[in-house]
Structure formats: C-alpha cells, structure tokens
Amino acid sequence: MFPLWLQAGFWGLVGGSALLLGAGLGYFVRIPQRAIAAIMAFGAGVLISALAFELMDEAYKRGGFDSTAIGFIGGAAVYTAANWYLAHQGAKHRKRSGKQQPSEDENGGSGLAIAVGALLDGIPESIVIGVSMIEGGTVSWVTVAAVFLSNVPEGLSSAAGMKKAGRSIGYIFGVWGAIAVVSGVAAFLGYALFSHFSVEIIAATTAVAAGAILAMLSDTMIPEAFEQAHDFAGLITVFGFLAAFVLSKLGG
C-alpha cells in the first residue's frame, strides 16, 4: 500500500491529466465550436454539482456554517481578484475555443498570463482531491471523476483557442503538461499540509476551493458555453449536473 500523500498526488495527477487529454483533442482534432461549447456546458454542470453535493456539504459537516460561508466567499473573492488582474494582462479569453485569444504579437506577455490563468483555474480543485483523503484515508472518487470530466473540455476549448492564436505546439502542451504535474503536487500538498490542521480550517479550505471553482465557472466556462451553444447551453449543463449527482449518490 502506498503512503496516503503519494496516493493524493497520484489522484491529483489523474485529474490534471484530463487537461492534457483535452488539449490533444483540441489541437489535433477539428471539432466544431458548437460541439466544444456543448462539452464545456456539460463540464460546467459536472463541477456545479460536485461543489454543491461534495465540497460545500462536506465543508458544512466538518466546520459548520461560519467556516463554510467565510471560506466560500473568500475563495470567490481571491479568485475574482486574481482573474481580474490576469484578464488585463491578456488572459481574459483563455478558455475560448474561437479567435478571441490574443497572439503574443497582439498582446505581449499574454502567453504567460494565459498559462498562469490556466494554473489558477486548476489549483483549487486539485487541492480538494488531497483534502478529501484526510478523514477517511481514501480519495473521493466522485470528486476525482468530476474534476476529470470537467478538465477535458477546459483543455479542449483552451487549446483550440491557443492554436488559432498562433501559439506553438510546444507552448500549448508545455502549459497543459506542467499544469497536470502541478495538479498532482497541489493534491499532495492538500493532504500533507492540511492533515495537521483543525477541522474548521479544513472545512474553510474546502469551501475556499468551492468558491473559487464557482467563480471560475461563472467567469470563464459558462460564457464560452453560452456564446456558441446558446439556447441549448442550459439543458446540456443540466445533463452534466445530473451525471455528477448520480455519481455522488452511487459513491455514497
């Protein structure tokens, strides 16, 4: 049996590897933008369900309302502030599959901003994977499945947009490969660091991640899904929500 910290890192890497898988599809396969938007909407629904029934519920059970509410709002606020800054550096459309992403010639430094923004999007959900192992010693496979299912469309849409912006294959796969590795490290740290803290801090950390994820969905994934899918975006999101909800009940 591998030590728990190593298991946490492994499951974080599994969740993060979906970004690389999605990037490969977005770069090498010609997928219509409406199809990409539909996949994005499904992934958004998956994450909304996961943060509602896995993250927030778990945070409330561990730390009560105060820790959960403070962490949830704090996570959203920190993410929004960081995202606002990165958007002004050229990373506003980092998850768009069309031609909205600027090239380096159009906006110098946007490549780095997009890479940092993608990293910002992936860290909260990876930390949660590690934190989920603290109490029972086993990973929440529902959380891992939700992260994996949502990361595929994220990587797919963003890589398609990066390619249209003229970014090199080395840059695209370097970014997503690095983020996959960082996802594993973040999950490892989520377990190794927070296992020594009180249940209130663990609860607040889980809620922080939930708040950051919801803010990310509202700022990046949902706009991309709606822009192309239009009238069907809501329905597809509901299917994603239902899929994760079923997983949560089967896991329970």
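Which residues lie nearest the centre of the second largest pocket? They are Gly26, Val29, Arg30, Ile31 and Lys164, out of a lining of 14 residues. Some notes on this predicted model follow.

1. **Overall layout.** The chain has 7 helices and 0 strands, so if you read the elements from the N terminus on, you get α-α-α-α-α-α-α. Buried residues account for 51% of the 252 residues in the chain.

2. **The second largest pocket.** There is about 230 Å³ of space in this pocket. Helix 1 (4-28), helix 2 (33-91) and helix 4 (141-164) are the elements that give two or more residues to its lining. Sorted by class, that lining comes out as 8 nonpolar, 3 polar and 3 charged residues.

3. **How helix 1 and helix 4 meet.** Two packed helices are described by the angle between their axes and the distance between the axes. For helix 1 and helix 4, the angle is about 35 degrees and the axes are 6 Å apart. Their crossing is right-handed. The contact of helix 1 with helix 4 has 15 nonpolar, 7 polar and 2 charged residues.

4. **Lysine 163.** This residue sits in helix 4. Buried, exposed or partly exposed, which is lysine 163? Its relative accessible area is 41%, and because that value falls between the 20% and 50% cut-offs, lysine 163 counts as partly exposed. Lysine 163 and tyrosine 27 are 136 residues apart in sequence, yet their C-alpha atoms are 6.7 Å apart in space.

5. **The cavity.** Rolling a probe the size of a water molecule over the atoms shows where empty space is left. How many cavities of 30 Å³ or more does the structure hold? There is 1, and about 60 Å³ of space lies in the largest cavity. Helix 2, helix 3 (110-131) and helix 4 each give two or more residues to its lining, with helix 2 giving the most, at 5 residues.

6. The residues are Leu47, Ala50, Leu51, Glu54, Leu55, Glu125, Val128, Thr143, Ala146, Val147 and Ile213. By class this makes 8 nonpolar, 1 polar and 2 charged residues. Glu54 and Glu125 are among the lining residues, and they count as charged.

7. **The largest nonpolar core.** In soluble globular proteins, nonpolar side chains tend to be buried together. Here the largest nonpolar core has 21 residues, and those touching the most other members are Leu47, Leu51, Leu55, Ile213, Leu217 and Met221. Helix 2 and helix 6 (199-229) each supply at least two residues of this core, and helix 6 gives the most, with 11 residues. Leu47, Leu51, Leu55 and Ile213 turn up both in this list of core residues and in the lining of the largest cavity.

8. **Aspartate 66.** Helix 2 also holds aspartate 66. With a relative accessible area of 56%, aspartate 66 is exposed, because exposed means over 50%. Glutamate 200 is 134 residues away from aspartate 66 along the chain, and the two C-alpha atoms are separated by 9.1 Å.

Terms used
Residues numbered from 1 in each chain as written. Predicted model: local features only at pLDDT ≥ 70, side-chain atom pairs only at ≥ 80, totals over all residues. Heavy atoms only, no water. 1 Å grid on protein atoms, 1.4 Å probe; cavity = no way out; pocket = protein on both sides within 12 Å on 5 of 7 lines; lining within 4 Å. Points joined across faces, edges and corners; volume = space filled by probe spheres on them. Helix = DSSP H or I, 4+ residues; strand = E, 2+ residues; numbered from the N terminus. Core = buried A, V, L, I, M, F, W, Y, C linked by side-chain atoms within 4.5 Å. Buried < 20%, exposed > 50% of the residue type's maximum accessible area, 1.4 Å probe, protein only. Axes fitted to C-alpha atoms, helices over the stretch in contact; angles between N-to-C directions. Left-handed = near helix turned anticlockwise from the far one by under 90°.
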